[in-house]
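Colleague: I would like to go through the cavities and the ligand site of this model. Please give the general idea each time, then the case at hand.

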Amino acid sequence: MPFRPRYTGLIDKYRDRLPIHDDARVISLGEGNTPLIRLNNVPRDLNKEVDIYVKYEGLNPTASFKDRGMTVAVTKAVEADSRAIICASTGNTSASAAAYAGRAGITAFVLIPEGKIAMGKLAQAMMHGAVVIQIQGNFDAGMQLVKEVADHAPVTIVNSINPYRLQGQKTAAFEIIEELERAPDYHCLPVGNAGNITAHWIGYCEYSSASGDHVTDACTFCKGHCPYGGGAIVGNRPKMVGYQASGAAPFLRGHMVDSPETVATAIRIGHPQSWDYAWAAVKESGGWFDEFSDEEILAAQKLLAEREGVFCEPASATSLAGALRDIRSGKIPEGSSVVCTLTGHGLKDPDTAIKQSTAPVLKVPSELDAVRKAILDNMA
Ligand code: F0G
């Protein structure tokens, strides 16, 4: 059998659709190419004829989807001779920025809300050598400070207001189309700062345009002039569905929220930066927004871990919580194909996982009889 070429990251794979020069020094950790896993047990339990896939973005190098955007943003920062990058973060962006800065040999400054980021993410930022700046404020305050300080210091912002981030993140949509050989009918995502739902819509729109002749003039992003010449012809685009935590749901309220709260700390955001783009993605695609309580989010996280063997962080499970509700109600009809993005790995936030788990941890003497009894008593 012939050897397949080694996978070397999404810039190499999608270079013709990314704003990267041929001679660029690419900063990559082999991100992208994540599994699209078809759920078996959950749809059966629902008793509904639907194909539900999860795009397991937690298997990126720093265990979240942020790496897709960061490889492009940091490659461009290095190209522009930037010696430092900066971001505000609920955790994952800071972990990713720290890793890619380390790889590039530049400095990462990360602003995080004190006490409100999951331990795994803090450990990553620290281990990768970022300068961690904890603020006594939330993500939205950090974002404001980053925007202000970037005017006064030689740093490149790598939050998703940096357009290269969205360019990298759009490649998740490319991978899904290539694997399914069409776009799904529905694409469900957790929404925080709203960059990722925007990026996916860009990706789907580009792929649905036929070599330069954009199929729709309505696309907010390229207005019918796809800068990358369009992709293969894909007849359909998904309805984009954005799910939020009820305590941090500006898209449901119709206005910014000042004190967001949720156990899903990754999406504890009240002032999303990509507000207009996310609305455009949802409206153009015929999708919608919805909201979920912390209990519903954690239940979906647990269900996925227990019934399918896939461990994602709480924020990520919002996409599945949403899909399940909408499939049950019929809003997503039978016969549909649905992709849920699992944005980050469950190991990012072990504290929340252990706190909510009801799995028995038995304590027994270190003896054969005791262990055998524990097994026999607990056989399903
Ligand atoms: N899921 C996870 C695990 C995230 O970390 C984020 C965002 C989102 C979903 C929402 O994506 O912001 O593009 O709508 N995390 C950012 C961070 C804000 O700082 O790590 P979005």
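Modeller: Start with the term cavity: on a 1 Å grid over the protein atoms alone, it is a set of points where a 1.4 Å probe fits but cannot get out, while a pocket is an open set with protein on both sides within 12 Å along at least five of seven lines; lining residues have an atom within 4 Å of a point. Grid points are joined across faces, edges and corners, and a volume is the space filled by probe spheres set on the points. This is a predicted model, in which local features need pLDDT of at least 70, side-chain atom pairs count only at pLDDT 80 or more, and totals for chains, interfaces and linings use all residues. Residues are numbered from 1 along each chain as its sequence is written, and side-chain values use heavy atoms, with hydrogens and water left out.

Colleague: What is the volume of the largest cavity?

Modeller: About 310 Å³. Lining it are 26 residues, and Phe65, Lys66, Gly192, Asn193 and Ala266 are the closest to its centre. Helices (H or I, at least four residues) and strands (E, at least two) are DSSP runs, numbered from the N terminus. Two or more lining residues come from each of α4, α7 (163–169) and α9, and α9 gives the most, with three.

Colleague: How do the lining residues of the largest cavity divide by class?

Modeller: Ala, Val, Leu, Ile, Met, Phe, Trp, Tyr, Cys and Pro count as nonpolar, Asp, Glu, Lys and Arg as charged, and the others, Gly among them, as polar. On that basis the lining has 10 nonpolar, 13 polar and three charged residues.

Colleague: Where does the ligand sit?

Modeller: A molecule sits in a cavity or pocket if more than half of its atoms lie within 2 Å of its grid points. Here the ligand sits in the largest cavity.

Colleague: Which atoms lie 2.8 Å from an oxygen atom of the ligand?

Modeller: For a polar contact, look for a pair of N or O atoms within 3.5 Å. A backbone N or O atom of Thr93 is at 2.8 Å from a ligand oxygen, and a backbone N or O atom of Gly192 is also at 2.8 Å from a ligand oxygen. From the side chain of Ser89, an N or O atom is 2.7 Å from an oxygen of the ligand. The protein covers 99% of the 470 Å² of accessible area that the ligand has on its own (Shrake-Rupley method, 1.4 Å probe).

Colleague: What is phi at Ala194, and where is this residue placed?

Modeller: Most residues other than glycine have a negative phi. Ala194 has a positive value, near 80°, and lies in the loop between β7 (186–190) and α9. Asn33 also has a positive phi, of about 60°, and is placed in the loop between α1 (10–13) and β1 (36–38).

Colleague: Which helix gives the most to the lining of the second largest pocket?

Modeller: Helix α14 (residues 350–356), with four residues. The volume of this pocket is about 230 Å³.

Conventions
A polar contact is a pair of N or O atoms within 3.5 Å; within protein, one must be able to donate a hydrogen and the other to accept it, and residues adjacent in sequence count only if both atoms are side-chain atoms.
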